[in-house]
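Student: Could we go through this model together, asking at each step what a label rests on?
Tutor: Gladly; let's look at it first.

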Amino acid sequence: MCSTPAHSPAESTHSSERCPLTRLARLELLFDHTRGPLVDLPRRLSEVYGPLRLRKSGSPAFVIANFATTLDGVTALLGPGRSSGGEITGFDPRDRILMGILRASADAVVVGAGTLRAVPRHIWSASHVYPKLAWEYDELRRRAGKPPVPLNVFVSSSGELDLRLPVFASGEAPVLIVTTTSGARKLGRAEDLPSVEVAPVQRSGRIPASAVLGAVRATGIRGLVLVEGGPHLMGDFFAEELLDELFLTLAPQVAGRTDPLGRPGLVAGRIFAPDHPRWGSLVGVRRGGSHLFLRWAFRRPVRSSVRRSTGRP
Ligand SMILES: NC(=O)c1ccc[n+]([C@@H]2O[C@H](COP(=O)([O-])OP(=O)(O)OC[C@H]3O[C@@H](n4cnc5c(N)ncnc54)[C@H](OP(=O)(O)O)[C@@H]3O)[C@@H](O)[C@H]2O)c1
């Protein structure tokens, strides 16, 4: 087995001779129409992924999503202890390494409360998803001049979040909870947690994705925003056409469904086709074993700006 120290003094000490992990995990590049500057990936990450281009963020932020689905479109099994995205990909190491690369490139990672409830002990940092490459992920952030961990953003109308969970209580990640005024009242104890900020953006109800981005922007972040779902939150980003790109891992399993509502797809709670379909353009295809790593660009209508938020309703 490959044994990689969590922190290495220098990248040169990592060689594929010492650790065959990256050779095993390498993705085969089949098609690449991506644009933008090359991300300065540390060697072992680029050995796995190859060249990664991400468009420069500015105003508005560049917004990407990362998801995994089975061949029959299931993104969550939803059984007890079986709700994580890893169950969809079979915990494929290349998928986890890519998740780590995208998190390590992001300034903010946005997830809905349902996703947090599915993996309550998780922290949305690169090293949490693939600890063996923690040093490389840290190095990627250092090279880009980013703080060690991206802002972890949780979206919840209800504010029913357990503040004792590691992501809130450990102080390991800076956290922003985007919620309603009633949700913020339930989260009163968050004031005692130095790494957690609560942004009530409206009185009640579903929060527009534009307001989520506005709250992120109000923290001073102007860079890359990574949306990691779940399906309800993805529906809001697609509905408002606020996604620039989707990274989608297609896992070679058929999961099946008895009730179509019981096992969601990429989007839940919204209907687009046939009246308002969302068509994407394929910009990237990579293969790792029988998994496909796909990348689509979506046209984002030009707006004067995303809805601005002061972080207060
Ligand atoms: N396959 C994959 O790549 C992948 C990726 C992510 C998640 N998942 C899976 O998806 C499942 C969860 O699905 P889900 O659709 O319930 O996830 P979700 O979108 O993360 O959670 C829905 C909940 O998040 C909050 N929320 C989301 N969007 C909101 C908005 N616009 N405004 C206000 N609140 C919002 C609400 O919480 P409140 O009830 O607190 O108001 C809502 O009940 C999990 O099993 C997870 O593992 C799979």
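Tutor: Let's begin with Val 212, which touches Val 110, Val 153, Val 155, Val 178 and Ile 207, leaving aside residues up to four places away in sequence. This is a predicted model, in which local features need pLDDT of at least 70 and side-chain atom pairs count only at pLDDT 80 or more, while totals for chains, interfaces and linings use all residues. Residues are numbered from 1 along each chain as its sequence is written.

Student: What makes Val 212 and Val 110 count as touching?
Tutor: Two residues are in contact if their C-beta atoms, placed from the backbone, lie within 7 Å. Val 110 is among the residues that Val 212 touches, so by that definition their C-beta atoms lie within 7 Å.

Student: Which residues touch the most other members of the largest nonpolar core?
Tutor: That core has 83 residues, and Val 153, Ile 177, Val 178, Val 212, Val 216 and Val 225 touch the most other members. A nonpolar core is a set of buried Ala, Val, Leu, Ile, Met, Phe, Trp, Tyr and Cys residues joined through C-beta atoms within 7 Å.

Student: Why is Val 119 called partly exposed?
Tutor: A residue is buried if 20 or more other C-beta atoms lie within 10 Å of its own, exposed if 12 or fewer, and partly exposed in between, with C-beta atoms placed from the backbone. Val 119 has 17 C-beta neighbours inside 10 Å, so it counts as partly exposed. Val 119 is found in the loop between α5 (113-118) and α6. Its C-alpha atom is separated by 9.2 Å from that of Gly 85, 34 residues apart along the chain.

Student: Why is helix α7 described as largely enclosed?
Tutor: Eight of the eleven residues of α7 (residues 134-144) are buried, so the rest of the structure largely encloses this helix. Among those buried are Trp 135, Tyr 137 and Leu 140. Their cover includes α2 (43-49), α4 (93-105) and α6 (126-129). Helices here are DSSP runs of H or I with at least four residues, strands are E runs of at least two, and both are numbered from the N terminus.

Student: How many residues surround the ligand, and which are the closest?
Tutor: There are 31, and the closest are Gly 112, Gly 114, Gly 229, Gly 230 and His 232. A residue is near a molecule or strand if its C-beta atom, placed from the backbone, lies within 6 Å of it. β2 (63-70), β3 (108-112), α5 and α11 (231-239) each supply at least two residues of this shell.
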